[in-house]
Every structure is written in structure tokens, then in C-alpha cells.
Amino acid sequence: MSDTLPVDSPTTMQATPTVFALGVPRFADARLAHMAKAEGSGAAWQAAVAGRHRDQAVAAAAATAGNFAVGLTDAQGRVFLAVDRFAEQTLCWRRIGDRIHYAERADTLAALHPRAEIDPQAVYDYLYFHVIPSPRTVFRGVHRLPPAHYLWFENGEITVEPYWLPQFTAAASANFDELAAAFRQRVRSAVAAELDGSKPACFLSGGTDSSTVAGMLKDVAGRAATYSIGFEAEGYDEMAFARIAARRFGTEHHEYYVTPDDLVRSIPDVAAHYDQPFGNSSVLPAYYCARMAREDGVTRLLAGDGGDELFGGNARYAKQRVFGYYDAVPAVLRSGVLEPLLEGTPLGALPLARKGRSYVQQAKVPLPERLQQYNLLQRMGVAQVFTPDFLARVDMQDTSRQQRQVWQLPPGNPSTLNRMLAFDWRYTLAEADLPKVRGSTSLAGVGVGFPLLDAALVDFSLQLPDDYKLKGQKLRWFFKEALRGFLPDEILVKKKQGFGLPFGVWATRHAGLKAFAADSLHSLQQRGIVQARFIDTLLKDHLPAHPGYYGEMVWILMMLEQWMQAQERAKT
């Protein structure tokens with residue numbers, strides 16, 4: 001159940017109290033929970049926050065689980081905004097004079113007088129991250145509330161701070177059997193809590209997370225419909241694993257194979273649906289998957305996002321652990337022997353020593369900057385991509401600055417692994433994967449739930465020892481071992497893939513998609529952001545030579561231009 005205001009009429013500071021509420025908050029207070037069920041979450045939020053001081057309002061948000069975005073203006077003109085821990089729901093705000101305006105979409109607020117301009121720094125962020133991380137949006141002066149943050153406005157002053165931060169408190173010793181049983185029960189309860197009486201259904205990529213949700217859904221509801229996407233492209237199709245999971249759990253299974261023609265037909269609609277440029281290419285297959293479910297009568301899908309980031313399932317965690325070993329080498333040996341030898345002499349260029357030199361060079365870069373060693377924009381060269389005029393309008397160091405701030409957020413002294421997990425909760429989940437699923441399902445007309453981000457399950461993950469998440473080089477060890485016998489063995493040992501899109505491969509083979517991408521990029525070069533020479537080299541040389549790698553750059557540039565064209569159409 002959601003209480004919403006029309007997105008073209010954002011709430012503003014008024015003399016009378018107003019409330020804006022999205023999502024399905026789960027109030028810890030029984031009275032508020034009953035009120036939310038009987039009168040709507042807006043009424044419950046008003047009862048929890050209205051008339052109270054900032055600390056009390058913040059405590060109310062911190063005590064609330066589920067997914068939510070709330071905006072309240074009281075009779076004194078004070079404004080309180082908050083979003084859930086992972087920003088499953090989103091809320092933007094803009095100050096105009098002495099008023100705080102807020103709405104679900106950034107473009108809604110940008111349209112208010114005076115119209116907000118495109119922020120060059122946000123465009124740079126987009127091409128660096130492939131999304132625009134909060135609190136910035138693509139519009140100058142329009143902000144998005146970061147996950148687990150609140151805003152308080154009083155007497156002309158704005159405070160934006162986190163109301164919740166992850167506290168990693170792993171026990172000194174752990175009993176695997178007890179933890180595994182508790183984990184399975186929490187996952188089952190989290191899936192059950194997402195059911196709303198409609199047809200039980202979920203995405204199914206064939207990976208560990210989506211297969212777990214599918215199996216638990218069938219276990220809880222007695223039936224489950226699963227929806228999978230495939231591609232006729234070698235190395236990208238995971239349908240075989242989705243079928244293994246569907247057979248194992250006896251789901252009502254549905255499949256759709258996305259084609260290049262689907263992309264040409266739907267890219268403009270998907271780009272226009274977002275309130276700012278969004279470059280996660282998996283959004284197209286997710287959209288077709290959700291659309292298939294909608295045509296089958298499904299009104300709500302469950303998604304498996306979160307398992308990798310909570311339980312240590314991404315390959316970069318193991319890779320960064322290897323680089324971390326370098327810190328244990330005595331400093332005198334590092335600076336006095338290894339680095340001079342490998343970096344300062346011809347020895348480092350020899351075949352056997354080349355890997356050692358590369359290792360040392362990467363290990364010397366501190367985290368989180370090291371995580372961007374293979375950033376596409378940096379590898380291609382900022383000066384070769386952007387026009388000088390555009391670069392003169394941005395701060396290229398800001399991307400590193402904002403990442404360092406997020407890296408330092410978790411309190412206490414968490415391990416490097418746990419810092420990486422919390423970092424990914426922000427940049428991978430809240431800023432990329434969840435908006436991908438939320439936007440694609442919204443465009444298809446389907447609701448979505450993320451059971452693996454249930455607050456109790458998140459809190460459970462905070463208490464696991466590091467080696468339960470990453471045992472040596474074994475990713476998400478505990479998650480897999482706890483579900484061994486429940487999940488098929490083939491899925492437990494498969495490589496992570498998901499709904500990855502073979503866009504680059506198709507863009508070199510399909511005439512229509514190739515022309516569409518080229519037209520988009522040549523149109524973008526007229527905006528003075530990207531150099532014309534770079535566009536020509538990218539399309540004529542780089543993409544044909546390495547379509548899987550350079551296709552990602554073509555994609556994010558294409559989606560930027562398609563979004564800008566949609567904005568221009570909306571103004572006319």
C-alpha cells in the first residue's frame with residue numbers, strides 16, 4: 001500500500017501540515033503499524049513525527065523497517081524527509097528561497113520556476129559511475145536523499161545526515177549449524193513478508209540469489225511463477241541455469257529472449273522513464289522480464305538483489321584481499337627492495353616480473369580508489385573523451401572525494417571486507433541495481449520487493465565473521481553452505497552473471513541497432529560534452545575490435561543522449 005501525491009505537484013512548505021509517503025514501511029510500534037494498515041502510512045508517519053523535535057523524528061525513521069520515502073511539513077513550517085536504508089524508495093528535494101520542495105522525481109522539481117539547469121558535474125559523474133550517485137542529481141540545485149538519510153529544515157537551516165549506519169559486530173566464535181538454521185528461517189520470513197495476496201512471482205536469472213528467492217517463494221506460498229530472460233549470444237545466456245532452478249522448485253516458468261530489435265524499439269522509452277540519465281545496461285532485459293510478467297497477470301515481482309553485497313559474493317572482494325596482502329610486507333622491504341626493483345629497473349618489464357610489477361602498482365593505490373583501477377572513463381583517458389570547454393566546468397577530483405566520504409561512513413573500525421560491503425550497499429545497490437529494477441518494473445506496470453534486503457536479514461549479516469563471507473578466496477561461503485541441499489549444486493558453483501546484455505556484440509552485427517547507436521552518439525557530440533574525434537574512433541575502431549568492452553561506453557553515451565532528447569520533447 002502506498003500513499004502518494006501526484007508527481008507533478010510536489011509538496012512545498014505551507015501553513016498547514018502536509019504529508020507525502022511512499023512504500024510499505026514496517027513500524028516497530030504496534031499502534032503505528034495498526035494505523036498504517038487502517039489509515040495508510042501517511043497517517044502513521046504523521047502520528048510518529050508531527051510536532052516532535054528533530055531527534056525524535058530521526059529516531060522514528062531509524063526504528064522503521066521496510067521500504068519508504070516520507071516527507072512531512074508541520075504547522076511551524078519545519079520539514080522532515082527520510083528514505084529507507086537502501087533507498088528502495090526515492091525522494092528528491094530542492095530549496096527555492098525559504099521553501100523546501102520535495103517529490104519522488106528530480107525532473108518534477110527541476111520544472112519548478114526557475115527551471116533548474118543541467119549540472120555539468122552530474123554529467124561527468126554519470127559517465128564515470130554510469131549513474132549519478134546521490135545526493136547529486138543531473139539538475140543543478142536538485143538533490144536526492146541518500147539511502148538511510150534524513151533531512152531536517154528549521155529556521156532556514158538544512159541538515160542532511162544518516163539516521164542509520166551499519167555496525168559490523170561479528171562474534172569471536174560462531175556455530176555454523178545454529179547460524180545456518182537462523183539464516184534459512186530469516187530468508188524464508190523475509191520472502192513471506194513480501195507477499196501481498198497477488199500471484200506469487202519473481203525474477204529468475206539462474207544465479208544464487210534469484211534461485212534462493214524462487215525456492216523460498218514456492219516453499220512459502222505453495223506455488224511460484226518465475227520469469228527469465230535469455231540472449232542469443234555466446235557467453236551471455238544463462239537460461240540453462242534458470243531452467244535448472246525452475247525444475248528443482250517446480251515453478252511455473254516463463255522465458256523471453258530479448259533481441260536487438262527489442263532494444264531499438266524500447267531504448268527511447270526506458271531512457272525517458274528515468275528522471276535523470278541512467279546507464280545500467282541490464283535495465284532493458286529487466287524491463288522485458290517485468291513486461292512478460294505483467295502480461296501474465298503478475299502485479300508484483302520479487303527480486304534477488306542484495307545477496308552478493310551482504311554476504312560477500314562479488315569477485316572484487318577476493319581480488320582486493322590479495323592486494324591487501326601487500327600491506328603485511330614490511331615497509332622497508334616494500335620501499336627499499338620490491339618497488340625500486342620492479343618499477344625502477346628493466347627487470348620489471350621482463351615477462352616473469354611483469355605481473356609482479358602490476359601487482360605492486362595496484363596494491364600501492366589505497367582503497368577505495370583502487371576499486372576504480374579499471375574504470376572505463378579513466379582507462380580511455382578523460383582528456384581524450386571530453387571537450388576542453390566541458391572539462392573546464394567540472395572538478396575531476398570530486399568523484400574520488402565523494403567515494404572516500406562514503407568509505408569512511410561505517411562507525412568503529414570495520415575490516416576492509418566489511419568496508420567494501422558497506423561501500424557497495426551505496427554504489428552498487430542503492431545507486432545502480434535497485435534503481436534498475438525499480439525503474440524497469442515501474443515502466444512495465446509491476447510492483448517489486450527485495451526480500452534479501454529485509455532489515456532482520458541485514459542485521460544478521462552484520463554479525464557474521466569475515467571468513468563466513470569470504471573464506472580464503474571462496475565467495476559468499478556461508479550463504480552457499482547454509483543453502484547446500486536446498487539450491488542445486490550447479491547453481492552453487494556457477495559464475496555470477498545475471499541479466500548481462502550483449503549490447504556491444506549486437507551493435508556490431510545488427511544494422512538497425514548499429515545505426516541507432518551511431519545516430520545517438522553523433523547527436524550527443526553536438527552538445528559540446530564529448531569530442532567528435534573520440535566518438536568516431538569509438539564507433540569505427542574500438543567497438544568492432546572489442547565489442548564487449550567498448551560497448552559499455554557506447555551504451556552509456558547513447559542513453560545520455562536519449563534521455564536528453566526525451567527532456568527536450570517534454571518541454572515542447
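This is a predicted model: local features need pLDDT of at least 70, side-chain atom pairs count only at pLDDT 80 or more; totals for chains, interfaces and linings use all residues.
Figure 1. Strand 4 (residues 92-96) runs antiparallel to strand 6, and three bridges join the two. Within this pairing, W93 has H143 of strand 6 as its bridge partner.

**Figure 2. The buried side of helix 2.** Helix 2 spans residues 41-49, and its residues S41, G42, A44, W45, A48 and V49 are buried. These residues lie on the same side of helix 2 because they cover an arc of only 160° around the axis. An α-helix has 3.6 residues a turn, so residues three or four places apart point the same way. The elements that cover the buried residues of helix 2 include helix 1 (30-39) and helix 3 (54-62), together with strand 1 (18-27), strand 2 (64-73) and strand 3 (79-83). Just after helix 2, G51 adopts a positive phi of about 80°.

Figure 3. F80 is buried, and its relative accessible area is 2%. Its contacts, leaving aside neighbours within four places in sequence, are V49, A57, V58, A61, V70, G71, L72, Y150, L151 and W152. One of these contacts is V58; F80 and V58 are 22 residues apart in sequence, with their C-alpha atoms 8.7 Å apart in space.

**Figure 4. Strand 7 and its two pairings.** Strand 7 (residues 149-154) is largely enclosed by the rest of the structure, because five of its six residues are buried. Strand 7 pairs with strand 3 in the antiparallel sense over four bridges, and Y150 of strand 7 stands opposite A82. Strand 7 is also joined to strand 8 (residues 157-162) by six bridges, again in an antiparallel arrangement. Here W152 stands opposite T159 of strand 8. The hairpin of strand 7 and strand 8 has two residues between the strands, and N155 takes a positive phi near 55° in this hairpin.

**Figure 5. The crossing of helix 12 and helix 19.** Two packed helices are described by the angle between their axes and the distance between the axes. For helix 12 (residues 315-324) and helix 19 (residues 416-444), the axes come within 11 Å and cross at roughly 140°. This crossing is right-handed. Helix 12 contributes R316, Y317, Q320 and R321 to the contact, and helix 19 contributes L417, M420, L421, D424 and T428. By class, the contact of helix 12 with helix 19 has four nonpolar, two polar and three charged residues.

Figure 6. Q562 is buried, with 5% as its relative accessible area. Leaving aside neighbours within four places in sequence, Q562 is in contact with I267, P268, A271, F516 and S520.

How values were computed
Residues are numbered from 1 along each chain as its sequence is written. Side-chain values use heavy atoms; hydrogens and water are left out. Two strands pair if DSSP finds at least two bridges between them. Buried means under 20% relative accessible area, exposed over 50%, partly exposed in between (1.4 Å probe, protein chains only). The arc is that of the directions from the helix axis to the C-beta atoms. Contact means heavy atoms within 4.5 Å. Axes are lines fitted to C-alpha atoms, for helices over the stretch in contact, and angles run from 0 to 180 degrees between N-to-C directions. A crossing is left-handed if the near helix is turned anticlockwise from the far one by less than a right angle, and right-handed if clockwise. Ala, Val, Leu, Ile, Met, Phe, Trp, Tyr, Cys and Pro count as nonpolar, Asp, Glu, Lys and Arg as charged, and the others, Gly among them, as polar.
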